[in-house]
Amino acid sequence: MSHTHYNRFFPTPEYLQRPSVGIDISDRSIKYVALTRKRNELRTDFFGEKKIPEGVVDSGKIKNPQVLISLLQEIKKEHGCHFVRVSLPEEQMYLFELTVPKMTADEIRGTIDIQLEEHVPLAPQDVVFDYDLIEEVADAYKVLVTVAPTVVVDEYTALFRDAGLMPLSLELEASALSRAIVAEGDDHTYMLVDFGDTRSGISIVHKRIPVFTSTVSIGGTIITDMIAKNFSVSFEEAEKMKKEIGLSRNEKDKELFAVILNGLSVLRDEVSRHYIYWHSHKGIDGNPHPPIQSIRICGGNANLDGIAEYFKTSLRSEVELANVWTNIAALDSYVPPINFKQSLSYATAIGLALGDFEHD
């Protein structure tokens with residue numbers, strides 16, 4: 001049974017002990033992390049962030065490639081990297097589960113090919129796909145198929161090629177997140193909430209494989225805009241208030257608390273909807289879904305003070321901030337160069353970079 005999940009859409013050449021570089025492009029920033037193996041332990045080689053001007057990327061669609069190319073060229077020039085691992089925007093990807101008879105890897109691909117049109121609103125010749133084995137049942141395999149429009153894959157490949165970088169893999173953001181946040185060998189089910197600037201990703205991962213993903217157009221900048229409007233302050237000042245005070249329940253910050261809560265409740269409602277749906281519906285095999293152990297929050301806006309407690313109380317379930325170093329090193333023996341709050345926004349990039357080392 002071939003297992004191609006970690007080299008999504010491209011195989012990895014086996015050569016050169018070089019830093020493994022993960023690059024995560026969102027609507028407002030490019031975040032990158034390089035990992036390297038030192039004395040049999042993984043360490044952060046370099047990391048950073050480039051801000052993307054508004055309108056260059058919109059809901060994962062590249063509107064102005066030239067701006068992105070020059071930002072990527074800056075990263076290449078500053079760090080001398082050449083090979084990179086890249087995430088594709090979730091909004092443009094498709095996921096579905098299939099049960100197929102036990103057969104060879106080639107036969108599985110053929111079976112998926114035939115059934116693509118039933119699950120994806122695009123012609124088979126217009127997409128590329130890959131699959132993961134979720135589990136083996138009596139005489140069949142349960143597989144998870146990830147599909148990307150060829151035009152999106154070509155667009156991202158050309159973008160990096162024009163910047164002088166070679167993508168070793170193109171991957172679903174949730175796959176990278178799961179690799180960073182869920183411990184290797186952990187077969188439980190988790191909900192991951194990636195609370196970004198302009199949008200948030202909600203995914204459910206089982207055995208470290210994303211089996212469901214959704215993107216909602218609520219992000220931290222929307223809450224900052226609400227604060228700016230409510231208190232008649234600049235965006236920068238509102239951002240500062242949001243970060244410094246967060247969800248503190250002080251009497252003097254009651255009004256701010258109410259504004260932040262108002263914005264957050266939209267995300268909370270989406271998380272709750274998917275959480276309830278998962279537990280109240282059966283899987284394709286007719287069996288109940290495995291229960292979600294906990295909700296793990298990451299992303300640039302997950303460092304809002306009190307956010308985990310808020311979700312925990314209002315969803316009445318286990319909620320925690322993600323530890324993005326789970327599969328890199330024990331934090332008592334390694335002090336990473338990125339502090340904990342900051343690290344939450346690098347989860348996808350770290351997961352991408354881990355792709356080189358996952359199956360060593």
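User: Why is alanine 174 called buried?

Analyst: Alanine 174 has a relative accessibility of 1%. Buried means under 20% relative accessible area, exposed over 50%, and partly exposed in between, with a 1.4 Å probe and protein chains only. So at 1%, alanine 174 counts as buried. A word on the source: this is a predicted model, where local features need pLDDT of at least 70 and side-chain atom pairs count only at pLDDT 80 or more, while totals for chains, interfaces and linings use all residues. Residues are numbered from 1 along each chain as its sequence is written, and side-chain values use heavy atoms, leaving out hydrogens and water.

User: Where does alanine 174 lie, and what does alanine 174 touch?

Analyst: Alanine 174 lies in helix α4; helices (H or I, at least four residues) and strands (E, at least two) are DSSP runs, numbered from the N terminus. Leaving aside residues up to four places away in sequence, alanine 174 touches Glu90, Ser203, Pro210 and Thr213. Contact here means heavy atoms within 4.5 Å.

User: What makes something a pocket and not a cavity?

Analyst: Both are found on a 1 Å grid over the protein atoms alone. A cavity is a set of points where a 1.4 Å probe fits but cannot get out, whereas a pocket is an open set with protein on both sides within 12 Å along at least five of seven lines. Lining residues have an atom within 4 Å of a point. The largest pocket holds about 710 Å³ of space, a volume being the space filled by probe spheres set on the points, which are joined across faces, edges and corners. It has 40 lining residues, and Ser29, Lys31, Asp197, Gly300 and Asn301 are the closest to its centre.

User: Which helix or strand gives the most to the lining of the largest pocket?

Analyst: That's α6, with four residues.

User: How do the lining residues of the largest pocket divide into nonpolar, polar and charged?

Analyst: Ala, Val, Leu, Ile, Met, Phe, Trp, Tyr, Cys and Pro count as nonpolar, Asp, Glu, Lys and Arg as charged, and the others, Gly among them, as polar. On that basis, the lining of the largest pocket has seven nonpolar, 16 polar and 17 charged residues.

User: And what about the second largest pocket?

Analyst: Its volume is about 460 Å³. The lining of the second largest pocket divides into 11 nonpolar, seven polar and five charged residues, and β13 gives the most, with five residues.
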